[in-house]
Amino acid sequence: MNENNKLLQITHLKKEFDKNIILKNIDITVNKGDVIVIVGPSGCGKSTLLRCINGLEPIQEGEILLNGENIHTNKKNMVNVRQKIGMVFQSYDLFPHLSVLDNITIAPQKVQKRPKKEVEAEGKELLERVGLLDKLNYYPRQLSGGQKQRVAIIRSLCMHPEIMLFDEVTAALDPEMVREVLDVILDLAKQGRTMIIVTHEMEFAKAVGNRVIFLDKGEIIEEGNPRDFFENPKTERARKFLDIFQFDTSYMKI
């Protein structure tokens, strides 16, 4: 593997809450262009792992290196780290008092000091790409859940992150809104974006990822390419987990 392609390196990560071990001995390498999908039962540590990667949670042991630099050793640099590691949550977290366009453009202007005209032009272009240009002056309360989540994704993209984290971004959506959000992420994968995706949508995971990581009780139980994992899992625990899902091929288009 070309070392120049290595973007994120997680080694021997351990995370505790009140002496309860949530993650233990996590080792993951993320290369540029990887789309890594993390699956597993509820409470296994998937979302906590993303929050550790983004610096939202402290870690007790191990390292998380972004371009070779440890993101947890310099708290003063965390603002810069979060510009490089974008994160989209299931709860949208849009500012209710700002329009769609202002939600998207406020951080690039305030944090990155980029010109308003430049950022707004980029924001409009991205909104058009996801079919929301006609909503640029709407407020979050005027949007559906799927529309809010697409705006949240665009907001993260406008910061030009090197890697994007998606934490169960369809979990709070009605079933008919799920597809419109997942299609945006599929499109980002086609563009070669580096992403780590936590999802419970198994057929989507099979379609979008180039690697799947199966977590259980805070440990990596199995890792591999999506087709091998979903069609021929190596561990009994993974087989039991996948037995509860029925797969279709509706997402198999990339």
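These are my notebook entries on one predicted protein model.

**Ground rules.** I number residues from 1 along each chain as its sequence is written. The model is predicted, so I read local features at pLDDT of at least 70 and side-chain atom pairs at pLDDT 80 or more, while totals for chains, interfaces and linings use all residues, and side-chain values use heavy atoms, without hydrogens or water.

**Overall build.** I looked up the secondary structure first. The protein chain has nine helices and ten strands. These are DSSP runs numbered from the N terminus: helices are H or I with at least four residues, strands are E with at least two. Next I checked the radius of gyration, taken over C-alpha atoms. It is 18 Å for the protein chain, close to the 18 Å from the globule rule for 254 residues, so the chain is as compact as a globular protein of that length. That rule is 2.2 Å times the number of residues to the power 0.38. Along the principal axes, the C-alpha atoms fill a box of roughly 50 × 45 × 40 Å.

**Inside and surface.** I found that 52% of the 254 residues count as buried. Buried means under 20% relative accessible area, exposed over 50%, and partly exposed in between (1.4 Å probe, protein chains only). I then turned to contacts, meaning heavy atoms within 4.5 Å. Among contacts with a separation of 6 or more, 68% join residues 24 or more positions apart. The accessible surface is about 12300 Å², and 46% of it belongs to carbon and sulfur atoms. I note that such areas come from the Shrake-Rupley method with a 1.4 Å probe, and that for residues only the protein chains shown count as cover.

**Cysteines.** How many disulfides does the structure hold? I found zero. A disulfide here is a pair of cysteine sulfur atoms within 2.5 Å. The sulfur of Cys 52 is 13 Å from the closest cysteine sulfur, in Cys 44, too far for a bond. Both sites are covered: Cys 44 is buried at 2% relative accessibility, and Cys 52 is buried at 0%.

**Helix 3 and Lys 135.** I listed the buried residues of helix 3 (residues 100-110), among them Val 100, Leu 101 and Ile 104. The buried residues of this helix pack against helix 4 (116-129) and helix 5 (145-157). Lys 135 sits in the loop between helix 4 and helix 5. Is Lys 135 buried or exposed? I have it as buried, at 15% relative accessibility. Beyond its neighbours within four places in sequence, Lys 135 contacts Val 100, Leu 143 and Gln 147. Val 100 is also one of the buried residues of helix 3.
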